[in-house]
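Have a look at the structure first, then read on.

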Amino acid sequence: MTCDYALRLTSHAPEDTAAIAARLGAGLGAGDVVLLSGPVGAGKSLFARALIQARLAELGRYEDVPSPSFTLVQTYDLDRVEIWHADLYRLADPHDALELGLDQAFEDAICLVEWPERLGAFCPASGLHVTLEPAADEDTRSLRFSATDPRWGDVLRMLADAPTRPA
């Protein structure tokens, strides 16, 4: 992937990661796909959960946001758009993603996809790649954002200009 838009942030606590996710989530709309990569325990689910809960809170709602590890996909209705949270760790074949309806969700919903490499050729080229990498300190994470689609340039500038620590 040729990366035209990139940003690296450091999170020093899970609350920092959640705040970054919430800021990103505020700017997402139908057709936006966020591809979450990193090793087991890097914080992909924490990031997705925080983003979803922040968007629900904007509507005055709170819902439990479980990991879709076993169901593969969980959906959340935001009135005008749905959020699809997919955990593809257990996906055996990229074609199985089509059976889940992800190809249509990539066009109509906000999609958060953990383990996007499992999509193979079906991985949307216009998605925002977010790679979470643990550091020596167990709470510190490096978050690397990268994209080729110009749509993400303003979003990454907004994230870069915001304080890393929550207010």
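A word on ground rules before the details. This is a predicted model, where local features need pLDDT of at least 70 and side-chain atom pairs count only at pLDDT 80 or more, while totals for chains, interfaces and linings use all residues. Residues are numbered from 1 along each chain as its sequence is written, and side-chain values use heavy atoms, with hydrogens and water left out.

## Salt bridges

How many salt bridges are there? The count comes to seven, taking a salt bridge as a side-chain nitrogen of Lys or Arg within 4 Å of a carboxyl oxygen of Asp or Glu.

| Pair | N to O distance | Relative accessible area |
|---|---|---|
| D32 and R151 | 2.7 Å | D32 8%, R151 32% |
| R61 and E63 | 3.6 Å | R61 28%, E63 30% |
| D154 and R157 | 2.5 Å | D154 56%, R157 47% |

To read the last column, buried means under 20% relative accessible area, exposed means over 50%, and partly exposed is in between (1.4 Å probe, protein chains only). The areas themselves come from the Shrake-Rupley method with a 1.4 Å probe, and for residues only the protein chains shown count as cover. Helices (H or I, at least four residues) and strands (E, at least two) are DSSP runs, numbered from the N terminus.

Start with D32 and R151, whose side chains meet in a salt bridge. D32 sits in the loop between α1 (14–26) and β2 (33–37) and R151 in helix α5 (residues 151–161), so this pair ties together parts that are 119 residues apart in sequence. The D32 end is buried, while R151 is partly exposed.

## A negative patch

Which residues gather in a patch of negative charge on the surface? They are D77, E82, D103, E107 and D108. Patches are made of residues with over 30% relative accessible area and no salt bridge, with like charges joined within 9 Å and nonpolar side chains (Val, Leu, Ile, Met, Phe, Trp, Tyr) within 5 Å. Lys and Arg count as positive and Asp and Glu as negative, with His and the chain ends not counted. The place of a charge is taken as NZ of Lys, CZ of Arg, CG of Asp or CD of Glu.

Helix α4 (residues 102–108) gives the most to this patch, with three residues. D77, for its part, lies in strand β3 (residues 73–77) and is partly exposed at 42% relative accessible area.

G29 is in the loop between α1 and β2, and at 22% relative accessibility it counts as partly exposed.

## Helix α2 and what comes after

Helix α2 has 15 residues and reaches 22 Å from its first C-alpha to its last, close to the 21 Å expected at 1.5 Å a residue. That expected span is 1.5 Å times one less than the number of residues. The buried residues of α2 are K44, S45, F47, A48, A50, L51, I52, R55 and L56.

A57 is also in α2 (residues 44–58), but counts as partly exposed at 47% relative accessibility. A57 and P116 are 59 residues apart in sequence and 27 Å apart in space, C-alpha to C-alpha.

Just after α2, G60 takes a positive phi of about 75°. Further on, L72 has a phi near 75°, a positive value in a residue other than glycine. L72 lies in the loop between α2 and β3 and counts as buried at 15% relative accessibility.

D79 also has a positive phi near 75° and is a residue other than glycine. It's found in the loop between β3 and β4 (82–87), where D79 is exposed, with a relative accessible area of 56%.
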